[in-house]
Every structure is written in C-alpha cells, then in structure tokens.
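Have the structure open as you read.

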Amino acid sequence: MMADQNSAETIIMAALSALTPPQLSDLTHSVSSLFHLCYRRLYSILSIPTLFNLTLHHLQSLPLQHKSLLIARHLLSNLTALTRFMQNSSTGNSFPVPANFASSMKLRDLDAVVLLLLLCEIRQLYPEVLETPSSRWRSILCDYISRDMLKPSGIEVSSAQVLIKYVEMVTKCKRFVSVMASNDSVSVGGKGGIEAATAVAVVVALPSVEVSGNSLECVICKENMKQGRDVCKLPCDHLFHWMCILPWLKEKNTCPCCRYRLPTDDVFGEIERLWEVMASMGGGGKL
Ligand SMILES: [Zn+2]
Ligand SMILES: [Zn+2]
C-alpha cells in the first residue's frame, strides 16, 4: 500500500529541505542525541555478555507482531522529531504530542529494538551469519560494529552525516513496518483506514476559547455557539461546543469540519498520520 523505498527517501529529503536552517540544526541535535543513546545501548549490549543474552532472549520470545510494534515505536519517535516543526508552524499553536511517544521507550524495549535493527542489517548484508549458533552472534556482531565504530566517522559524525543516517534509518524502519503491516493483521490507518480515538493526552490539552464576534454554528449539533460562551478550539482553529466535540473525539481523530487529523494512541495510525504531515511538508501542501 505504501510508497516504495525510493519514494520514501524522496519524501523525507523533501521534508528536510523545507526546514529553515535553525530548525535543521535543532533536528540534527535531537537526532544525534537519540543516535548516541542507541550507540551507547548497543555498546553495552555487545560488551556485556549477560545483557546480550537477556536482550536476545527477550527478542526471540516476542511474537513477530510485537517486534514490528517495537520498530514502529522507534520510527514514530523519529518522525515526531521531524514533524513537530510542521505542526507548530501550520497553526501557530504548539501542539502536544502524546507523552508515551516522546522517545520514552523503556530501556529493555530500546535495547531490543537496537539489537533487532542490527540483526536486520546483518541479515541483509551477510545472511549466512545468522545460520551460525546464536552463541557466536555476539562476537560476530562485535567485529562488525567495531569496524564501523573505529572509523573516524563512527561516533563523532558531522551534521550532514547525522541527517544521512537519519534518512537511512527512517526509510529502513518505514519499509520494515509497511512489510509487517501488510503481512500481518496489524491495523494500519491511512486512506479509508480505521478511525481511532484521539489521544487522551491531546484531548485534555485542547484549549477553551470564548466565542467573540458573530456567533458561529457548531457543525455537530447545528446550533449557534453564543457570544461569550466557552467552546473548544481544535488545532485547525475550528470551534465546537465542548459537549458536542468530546463524544466525537472519543471515537474519531478528525475535525468534523476539515478532517484535520489529531494524534491518536495507535502507533501505526500515528505513523500514517505523521507520514502524511511529512509528505505535505515537502511540498504536497495538502494540510
Ligand atoms: Zn454543538
Ligand atoms: Zn477543522
């Protein structure tokens, strides 16, 4: 259903080129601190045999669907880093991102996902390696990684290299998640996809504003919102009676007027939503 790898890459590159230089350096900064965290965890996993065995065991015990969820959450925290610029500039409002997506993965899950991504990479490059007994994997992976890390560019990389790695990583995760989603019963949003409830954290943070000037019609109940009354304002600036919009957002994550999509607690739906935000950043201009 989704774009292939090349066009995924094109979409990210276009979105990156739409950022202002300060936004780009802000993004580079947050991405490189995320990369450093991942490198540090990977280094620990590979240098402490017990931690390696625990992580591998944890990974092997997870069903495929759960593995794809781990990668999806990793992808989501990376997409969030990029698309928050767009959400802020499109409405002028700073828009809350559900807290559980703000790269706050549990350490055990983060360990599992960095090892999983490394294993995926190895499988692509040297498929025969994973045919060997898993007791030998740690030393093989150490060799592989140390070659990469000993390069001058291993850890201290330039901003351009950080962004290249970022594009590679997002593309890789996106492809993985798309493949998983199409092989699997995992629900994905997207065109004509599921409607999910708006994330509770987002609903709670919606602003209340007083109706001023001409009274407007609430499109849900078709009655006027009287002057001076407190009503709910969505990030797209559309107004509704609180009593009308709350039940709506319990079932849907779109504005009843313009279909603006609000964040949900569904990881795969969020990826689809942020992907659309990113595609529009790069010149789709559909938002
Ligand atoms: Zn109403
Ligand atoms: Zn709207």
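Of the 58 residues in the largest nonpolar core, Ile12, Leu27 and Leu82 touch the most other members. A nonpolar core here is a set of buried Ala, Val, Leu, Ile, Met, Phe, Trp, Tyr and Cys residues joined through side-chain atoms within 4.5 Å. Buried means under 20% relative accessible area, exposed over 50%, and partly exposed in between (1.4 Å probe, protein chains only). H5 gives this core its largest share, eleven residues.

A quick note on the basis: this is a predicted model, where local features need pLDDT of at least 70 and side-chain atom pairs count only at pLDDT 80 or more, while totals for chains, interfaces and linings use all residues. Residues are numbered from 1 along each chain as its sequence is written, ligands are numbered from 1 in the order in which they are written, and side-chain values use heavy atoms, with hydrogens and water left out.

Cys218, Leu239, Cys255 and Tyr260 are among the 19 residues of a second, separate core.

Cys255 also turns up at the zinc ion (ligand 2), as one of its protein donors. Donors are N, O and S atoms within 2.8 Å of the metal (3.2 Å for Na, K and Ca); water is not among the atoms, so sites may look incomplete.

| Zinc donor | Relative accessible area |
|---|---|
| Cys255 (SG) | 0%, buried |
| Cys258 (SG) | 37%, partly exposed |

In sequence, the donor residues are spaced C-x1-H-x16-C-x2-C.

Conventions
Helices (H or I, at least four residues) and strands (E, at least two) are DSSP runs, numbered from the N terminus.
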